Amino acid sequence: KRNQCYFKRSLNVVCTSRFWFNYRHVANTLSVYRSVKRLGIPDSHIVLMLADDMACNHRNPKPATVFSHKNMELNVYGDDVEVDYRGYEVTVENFLRVLTGRLPPSTPRSKRLLSDDRSNILIYLTGHGGNGFLKFQDSEEISNVELADAFEQMWTKRRYNELLFIIDTCQGASMYERFYSPNIMALASSQVGEDSLSHQPDLAIGVHLMDRYTFYLLEFLEDIHPSSTTNMKDLFKVCPKSQCVSTPGHRTDLFLRDPGSVLITDFFGSVRKVEITTDTINLTAPMVHLEDTRPVRELRTEIQTYMDQLPVAEIIHQKPKQKDWHPPDGFILGLWTLILLVFFKTYGIKHLKHIF
Amino acid sequence: MAAFRSNIFMLAFFLCGFSVFVTGDVQTNQMNVAETVFIDNVPTTETDASPPSVTEQSQTAEEKRLWEGTEVGTNLADGASDNKVDHVHDTMQATDAPPSPPAKDQTQRFAFDERIWEATNVEINLVEDAPPIRDKEADEADHVLDTMQTQDFPPPSTAKDQFQEELVIKPLHSGDIYASFQFRTQWDTDFLLGSKVSHYRLFPKSLGQVISKFSVRELHISFTQGYWRTMQWGQPFLPSPPGAELWVWFQDTVTDVDLAWKELTNVLSGIFCASLNFIDSTNTVQPSASFKPLGVGNVTDQRFLRYAVLPREIVCTENLTPWKKLLPCGSKAGLAVLMKSEKLFHSSFHSQALHIRPVCKDWQCKSTSWELRQTLNVVFDLHTSGQGKREWSLFKMFSRTLTEACPLASSSKVYVDITDNPQGELFELSPATPLVSQAVVLGDGRTYSVYDLTDHATFGQTHSLNVLLRWRAAESGEMLRPLLHGERYVAGYGLQTGEIHTLVYNNHPYRAFPVLLLDTVPWYLRLYIHTLTVTSKGRDNKPSYIHYQPSKDRLQPHLLEMLIQLPPNSVTEVTVQFERALLKWTEYTPDPNHGFYVGSSVISALVPSVVAMDTNNTQERPLFSSFFPCKEESTYFMRIYTEPLLVNLPTPDFSMPYNVICLTCTVVAVGYGSLYNLLTRTFQVEEPSQGLAKRLANIIRRLRGVPLLT
């Protein structure tokens with residue numbers, strides 16, 4: 001039973017497609033990113049992966065913008081975007097490492113999915129896929145079995161409480177078929193054997209702006225506000241076949257709660273409770289500057305100078321570094337003379353014919 | 001038998017001896033290369049120890065004022081409990097206490113304010129009262145003021161932060177506009193002595209922690225989109241190569257520099273949202289002579305230097321946002337409000353950089369403070385956004401106007417370069433400003449119109465400043481050719497070999513000067529270093545210093561450094577041939593047909609200057625003219641970058657149809673082919689083969705042309 005404690009929300013939004021003609025996948029990803037940020041999830045809880053740079057691509061007539069609609073009202077790239085993995089960093093390996101938390105120790109916090117057994121995680125994937133796989137960067141793919149195993153590992157390592165998985169790709173339903181870990185709800189834009197279709201061709205940039213499923217998902221999310229009571233059942237109704245052309249699918253058998261009782265904001269939003277107190281609180285200890293309270297150090301007597309940036313004479317006289325010690329040439333010559341002398345002394349000249 | 005064995009030993013000994021002699025010879029050759037010395041450039045150090053002058057005193061005095069202004073917020077508690085005031089503070093107040101009559105409006109006002117403890121208003125009032133910008137014209141007045149102030153304020157020795165911001169707008173001869181922002185945060189603390197710092201005021205905490213954790217002595221990082229076109233635009237104030245560049249000097253207390261470097265790049269990639277974690281041993285070098293520390297310090301051991309370039313790095317909003325957040329005012333006030341990513345990236349050239357280094361705290365340079373310099377350089381294209389009309393304003397460039405200075409800044413100025421426009425015949429500048437400043441920039445004296453944002457009069461009636469440049473003449477005058485200029489390209493055809501050409505131009509009519517060329521080439525281009533040639537004016541130009549570090553496959557890149565003397569008015573061409581390696585199939589990028597990047601060459605030079613340079617590095621100067629320390633009056637240091645190279649490597653076809661065809665063909669050839677072979681071939685019994693001796697004999701007989709044995 002849920003108690004009053006605060007559930008963390010973490011989010012992993014991934015676009016896996018490279019090249020300009022996949023503009024729509026980046027726009028998909030960024031619009032989901034924008035919606036959840038609007039609903040209160042901070043950047044520190046979002047891992048955003050974009051496989052290519054569309055905003056500052058040279059083919060973009062309006063640099064530093066990505067639009068999700070033809071009327072160009074909504075710049076989903078915004079002025080405050082934080083892309084955690086970009087370009088060549090978006091690989092299957094990195095994606096699985098982020099999910100399972102097996103990252104090198106010096107990885108910064110912004111590149112980690114900081115979640116625990118009380119976190120609700122939303123994973124949104126978009127890209128090109130087929131029956132049972134999703135392509136990354138047009139050069140490698142992740143299979144549905146690998147993904148299911150990664151989720152099982154997350155569950156074993158207590159990295160999530162509940163997980164919502166959304167995928168917008170062709171034959172998307174095949175990606176969640178193999179899941180077997182508890183507390184996962186999954187949605188896909190199309191059934192096995194169906195293609196996911198794009199929406200909104202834009203003549204100015206020459207490519208499509210969005211995919212149909214995400215377009216209507218975004219439309220649905222725009223009406224959500226932190227206190228809305230819309231539940232998951234409403235989310236399943238997003239983009240019927242008349243709009244999407246493909247049939248969106250969902251899977252709830254692994255999920256323990258009834259989807260009708262799960263609020264959208266359980267995954268998409270983060271509401272923080274603020275308690276206001278009227279009591280006066282005395283902050284007695286003032287801030288003390290450590291540097292100021294200590295006695296002033298005596299100044300160093302040596303006068304420091306700026307370096308000469310191109311000390312020509314010094315560079316020329318720089319000796320090439322001797323790799324290892326080398327005996328002087330005269331010594332080696334002497335040694336050889338000695339060896340030869342001893343040799344001839346021992347065997348004499350008459351034995352030379354045996355040698356040569 | 002014994003004789004035979006000794007024979008073999010003998011042979012082995014001879015071979016060993018011979019090889020030893022050979023290596024000895026090679027080493028003496030290297031010595032010969034480094035022998036030739038013909039440049040009489042001896043570093044001079046006495047210039048820094050110049051006697052204290054009045055202007056410097058005034059600088060420290062000004063700093064003090066700022067310090068007290070910014071301290072107001074944090075010292076509130078001190079005011080409440082009087083007995084807990086730190087003694088340093090006490091001494092300062094004591095010196096303030098007898099306000100001597102002249103100058104004094106300020107000191108009195110200040111002492112008064114200090115007791116009232118009003119938060120930010122104090123600061124603003126103070127800045128208003130501060131003396132106007134130091135012009136050459138106003139120098140005498142300043143001198144008077146300075147001497148008077150020095151009586152009042154002894155140089156303070158406590159910690160204080162300082163922030164300055166500045167924007168330089170320079171109309172370029174090509175018709176483009178060059179805008180250069182510089183923000184300088186100075187932080188008077190000293191980790192070098194091992195003190196623990198936990199309180200941050202203006203200096204960003206994220207960077208302060210990085211410096212102390214990794215024992216960084218200097219850190220320089222830049223992100224650049226586009227290539228600086230020296231021949232059209234002249235020299236930039238601060239050079240940077242396309243992509244990302246990072247070079248770091250660690251302190252000599254660091255034991256494992258490579259580990260610290262690896263972790264530092266990871267941390268920086270998190271701070272700046274960039275792929276700096278791609279910096280590893282395959283693109284990191286340790287230059288032997290380039291990249292000397294830019295800050296103060298007496299020891300330099302190149303072991304503590306690391307340098308890396310990522311030429312392919314993209315620069316976009318996600319890099320600009322964290323960069324802006326490091327500023328004390330963020331992008332909320334001051335010059336930073338102009339930084340809108342839609343405009344900044346809609347340009348021909350965009351470069352943002354960050355430099356951390358220790359600098360002199362005062363004129364004596366007995367102690368150091370940390371300087372954080374954030375620079376942003378943009379070149380706006382006239383034709384893409386101006387519709388062919390030559391008219392520029394702050395609003396057109398940035399879609400914003402200026403309304404205030406950053407309240408935390410001690411100085412906040414906009415400079416417009418009017419050197420080519422002394423009487424306003426070339427372009428018209430409005431609103432007009434009475435302040436004019438002269439500075440020596442890149443060996444040349446330039447004149448600037450100055451707008452002081454800390455002065456309310458600058459904003460006029462509309463409470464906003466929109467500097468407008470309107471050209472009168474259609475064509476601007478001819479630009480002087482830049483004295484130093486570099487180019488680079490790949491020659492050759494095919495996918496096996498090629499040749500890298502680097503051209504360095506010395507456009508000075510009669511003076512030769514030395515340049516230091518640094519080339520890093522990734523391991524998958526195998527340089528044939530014996531084909532290295534350096535020619536100028538058709539003759540061989542022997543470098544006076546060569547440092548070459550060969551590459552190791554998948555481990556380290558090539559590093560080539562050469563000190564070359566450029567003859568006057570000449571083009572020096574450096575060529576070296578290379579072979580393209582075949583990568584393993586997993587090592588190709590997802591888009592291998594795009595090609596592979598080779599980072600820019602770095603050309604560091606001591607260029608003869610037109611006017612005498614100011615060798616006093618501790619004196620207060622505009623930010624854009626005070627980055628590289630200057631040691632000699634006749635020359636100035638400059639660094640330029642050539643183009644990065646895009647090289648195609650032999651690439652297998654990764655596409656699906658190709659692979660399907662390959663697989664099908666293999667199946668057909670192996671499966672069907674062998675079956676077909678079995679069915680159609682006739683089998684015969686072969687004669688037993690000849691013995692080894694007979695076969696050898698037959699080979700010899702065949703050579704002699706004698707009938708073979710059967």
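In the predicted model, A:Arg24 has a relative accessible area of 15% and is therefore buried, the limit for that class being under 20%. The side chain of A:Arg24 forms a salt bridge with that of A:Asp211, with an N to O distance of 3.0 Å. A:Arg24 belongs to helix H1 (residues 23–38) of chain A and A:Asp211 to strand S11 (residues 207–211) of chain A, so the bridge ties together parts that are 187 residues apart in sequence. A:Asp211 is likewise buried, at a relative accessible area of 4%.

Helix H1 of chain A also carries A:Arg34, and this residue is linked to A:Glu222 in helix H5 (residues 212–222) of chain A, 188 residues away. The contact between A:Arg34 and A:Glu222 is a salt bridge whose closest N and O atoms are 3.2 Å apart.

In chain B, a salt bridge joins B:Glu371 and B:Arg184, with 2.7 Å between the closest N and O atoms. B:Glu371 is part of strand S8 (residues 368–380) of chain B and B:Arg184 is part of strand S2 (residues 177–187) of chain B, so this pair ties together parts that are 187 residues apart in sequence. B:Glu371 is buried, at 0% relative accessibility, and B:Arg184 is buried too, with a relative accessible area of 14%. Through shared partners, salt bridges connect B:Arg184, B:Arg357, B:Glu371 and B:Arg373 in one network. Over all chains, the count of salt bridges is 30.

UniProt, in an unreviewed entry, lists A:His128 and A:Cys170 under "active site". These residues are spread over 43 residues of sequence but cluster in space, the largest C-alpha distance being 6.6 Å. A:His128 is located in the loop between strand S4 (119–126) and strand S5 (129–130) of chain A. With a relative accessibility of 28%, A:His128 is partly exposed. Beyond four places in sequence, the contacts of A:His128 are A:Thr16, A:Ser17, A:Asn22, A:Arg24, A:His25, A:Leu134, A:Lys135 and A:Thr169. With A:Asn22 there is a polar contact between side chains, at 2.7 Å.

The other annotated residue, A:Cys170, occupies the loop between strand S8 (162–168) and helix H4 (173–176) of chain A. A:Cys170 is buried, with a relative accessible area of 18%. When residues up to four places away in sequence are left aside, A:Cys170 is in contact with A:Gly129, A:Gly130, A:Ser190, A:Glu194, A:Asp195 and A:Ser196.

The largest nonpolar core contains 160 residues, of which A:Leu30, A:Phe268, B:Leu219, B:Phe250, B:Leu354 and B:Leu402 touch the most other members. Domain 2 (182–409) and domain 3 (484–647) of chain B each supply at least three residues to this core. Another core lies apart from it, with 35 residues, including A:Val90, A:Leu134, A:Phe179 and A:Ile184. A:Leu134 is also one of the residues touched by A:His128.

Apart from residues up to four places away in sequence, B:Phe250 touches B:Phe214, B:Ser215, B:Val216, B:Arg217, B:Val257, B:Ala260, B:Trp261, B:Leu264, B:Phe304 and B:Arg306.

Chain A as a whole comprises 12 helices and 12 strands. Of its 356 residues, 52% are buried. Among contacts in chain A with a separation of 6 or more, 72% are between residues 24 or more positions apart. For residues 330–348 of chain A, the unreviewed UniProt entry gives the annotation "transmembrane region". This span is 95% helix and 0% strand, and its end C-alpha atoms are 26 Å apart.

Technical notes:
Residues are numbered from 1 along each chain as its sequence is written. Chains are lettered from A and ligands numbered from 1 in the order in which they are written. This is a predicted model: local features need pLDDT of at least 70, side-chain atom pairs count only at pLDDT 80 or more; totals for chains, interfaces and linings use all residues. Side-chain values use heavy atoms; hydrogens and water are left out. UniProt positions are given in the numbering used here, feature names are shortened, and annotations may be inferred rather than shown by experiment. Helices (H or I, at least four residues) and strands (E, at least two) are DSSP runs, numbered from the N terminus. A nonpolar core is a set of buried Ala, Val, Leu, Ile, Met, Phe, Trp, Tyr and Cys residues joined through side-chain atoms within 4.5 Å. Buried means under 20% relative accessible area, exposed over 50%, partly exposed in between (1.4 Å probe, protein chains only). Domain bounds come from an automatic or database domain assignment. Contact means heavy atoms within 4.5 Å. A salt bridge is a side-chain nitrogen of Lys or Arg within 4 Å of a carboxyl oxygen of Asp or Glu. A polar contact is a pair of N or O atoms within 3.5 Å; within protein, one must be able to donate a hydrogen and the other to accept it, and residues adjacent in sequence count only if both atoms are side-chain atoms.
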